[in-house]
Amino acid sequence: MIKIDRSAEPVPTSLTMAGNVVDNERSAAQSYYTAVPAPSKTYKFKRYKEDDIVEALERLFHGKCAYCESKYIGTQKMDVEHYRPKGKVNESQTHPGYWWLALDWDNLLPSCTDCNRRRGQKIAVLEADGTIVFTDTMENAGKECAFPVSGPYRAWNSQDNLALEVPLLINPCQHDPDDHLCWHISNTKAPILLAKLLGAQPDQKGVSSIEIMGLNRFGLVNERAAVLQQIEVQVKNIYQLIDITAIMPACEARDRCLIKIGQDIDELHACYKPNRQYASMVKSYIEPHMKTLKRYLVGLLP
Ligand SMILES: [Zn+2]
């Protein structure tokens with residue numbers, strides 16, 4: 001997960017226009033939920049998936065899931081995810097859901113189906129001896145209508161103050177995931193995400209986000225591993241070229257090697273741009289190498 005600056009994308013027009021289908025649905029939902037007696041069923045929102053909303057989310061998040069950074073584009077349809085669930089809240093049986101935020105731009109995120117829809121998954125677990133194993137049983141994962149909060153305050157209607165609520169799920173537009181999560185890459189075959197430690201305790205926002213979105217589920221860990229192993233090869237190749245260049249006498253071929261090393265380092269750096277898949281993990285793996293590689297290159301320069 002990486003931090004995303006939401007101000008980079010204007011609010012989609014369909015969410016700001018008065019009197020359009022989205023606005024009409026917003027008004028209808030307001031009447032529905034403020035009726036007396038209160039409705040027992042959930043209002044069926046449809047208009048949060050308007051084309052301009054989907055396109056804006058795709059641009060803002062580079063066609064990646066907001067939570068796991070998988071590129072859904074080309075393989076699956078994106079779920080327009082409500083950070084605060086619109087129809088019910090798993091942790092509060094009587095809560096009607098944050099229906100007044102169903103058509104609120106700041107509450108919408110793009111999600112892959114596995115991060116959003118609840119189903120059984122095998123989950124990677126870090127054992128006390130440092131090995132990583134997958135659970136034998138299927139664990140339920142996928143956000144769906146989960147929205148845990150810390151402390152007693154929860155907003156119940158549009159008059160309540162959201163700023164007083166302390167969500168235990170990371171919203172990459174509001175929180176910096178690096179404050180809550182870190183990578184454990186002792187083995188490039190199974191890179192897993194951990195909650196950062198706050199003293200002796202793991203960060204609760206990190207713990208809940210990993211568990212609820214299933215950020216160490218079997219398929220995702222394997223996809224990340226495939227990307228990481230490619231990067232591992234790239235890094236090894238640069239170190240090898242540096243070793244070869246170091247024992248070459250000054251000549252045109254050596255100069256060409258130096259140029260190639262510089263280009264390869266630039267390419268490596270590009271691997272964790274925000275538009276790249278699993279940029280957070282790739283950055284965590286590459287950054288320590290980057291300093292060493294640049295130092296070696298400078299040492300080789302005439
Ligand atoms: Zn995802």
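**Figure 1. Packing of helix α6 against helix α8.** Helix α6 (residues 218–246) packs with helix α8 (residues 279–300) at an angle of about 5°, and their axes are 11 Å apart. Axes are lines fitted to C-alpha atoms over the stretch in contact, with angles from 0 to 180 degrees between N-to-C directions. Helix α6 is therefore roughly parallel to α8, a term for angles under 35 degrees. Among the residues making the contact are Arg224, Val227 and Leu228 of α6 and Met281, Val282 and Tyr285 of α8; contact means C-beta atoms, placed from the backbone, within 7 Å. The residues of this contact divide into 14 nonpolar, 2 polar and 1 charged. Ala, Val, Leu, Ile, Met, Phe, Trp, Tyr, Cys and Pro count as nonpolar, Asp, Glu, Lys and Arg as charged, and the others, including Gly, as polar.

The model is predicted: local features need pLDDT of at least 70 and side-chain atom pairs pLDDT 80 or more, while totals for chains, interfaces and linings use all residues. Residues are numbered from 1 along each chain as its sequence is written.

**Figure 2. Surroundings of Leu194.** Leu194 is in strand β10 (residues 192–195); strands are DSSP runs of E, at least two residues, and helices of H or I, at least four, numbered from the N terminus. Leaving aside neighbours within four places in sequence, Leu194 is in contact with Leu126, Cys182 and His184. Leu126 is 68 residues from Leu194 in sequence and 8.9 Å away in space, C-alpha to C-alpha.

**Figure 3. Domain 1 and domain 2.** The domain assignment, automatic or from a database, gives domain 1 (6–216) and domain 2 (222–300). Their centres, taken over C-alpha atoms, are 35 Å apart. 12 residues of domain 1 are in contact with 15 residues of domain 2.

Conventions. Contact = placed C-beta atoms within 7 Å. Parallel < 35°, antiparallel > 145°, perpendicular 65-115°, else oblique.
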